[in-house]
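Welcome! Here is a short tour for anyone meeting this structure for the first time.

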Amino acid sequence: MGRSGSSGLQRENCNMSLREEYARQEAELDELYREIILDHYRNPRHRGSLESPSASHEGLNPLCGDEVTVELLVDGDRIADVAYNGSGCSISQSSASMMTEAILGKSLDEVRRLKDDFTALMRGEGEIDPESLGDLEALSGVRKFPVRVKCATLAWHTLEEALGELPTH
Ligand code: ZN
């Protein structure tokens, strides 16, 4: 299993004042978006691990102590199954949950394109049809808080690393 991000030094969860700041930020998000984010946080999709994944990668966001492990089962050119596990702030964990729903069943090319579209959306770049992103669009409100963009993209950068670990054929 691969690993990227910081050493273990900053892995404890956000401290109290950071958590209060985060709560303030989340309260500023559009209400519909906030509800979607909290729904994924409270009712995570595909949380857990796979029995024999084709690739598995753990990503860390040292800025707030978020951890996300992404596991993929690839059949031919498709994501046949996906799971994530981790801990951290609501944005990082809900983004991982949304990602699993968005990529399940898709081809590797489609997944890479979605990753590019989502990270471009979070950077405020490009012309993206928000419809194509489904629930992921809810994270666009996080752009107001540059530090949190890293929380939102952690799962996707971890996914990219996992894709890079797939055996080439
Ligand atoms: Zn975070």
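## A pair of strands

Strands β2 and β3 run antiparallel and are joined by 7 bridges; two strands count as paired if DSSP finds at least two bridges between them. Helices (H or I, at least four residues) and strands (E, at least two) are DSSP runs, numbered from the N terminus. This is a predicted model, in which local features need pLDDT of at least 70, side-chain atom pairs count only at pLDDT 80 or more, and totals for chains, interfaces and linings use all residues. Residues are numbered from 1 along each chain as its sequence is written.

The two strands, β2 and β3, form a hairpin with 4 residues between them, and Gly65 in the turn has a positive phi of about 80°. Across the pairing, Ser56 sits opposite Glu71 of β3.

## The nonpolar core

The largest nonpolar core holds 36 residues, and Val70, Leu72, Met99, Ile103, Ala155 and Leu159 have the most contacts inside it. Such a core is a set of buried Ala, Val, Leu, Ile, Met, Phe, Trp, Tyr and Cys residues joined through C-beta atoms within 7 Å. Helix α5 gives the most to this core, with 8 residues.

## An exposed loop residue

Asp77 lies in the loop between β3 (66-75) and β4 (78-87). Why is Asp77 counted as exposed? Because Asp77 has 12 C-beta neighbours inside 10 Å.

Technical notes:
Buried ≥ 20, exposed ≤ 12 C-beta atoms within 10 Å, placed from the backbone.
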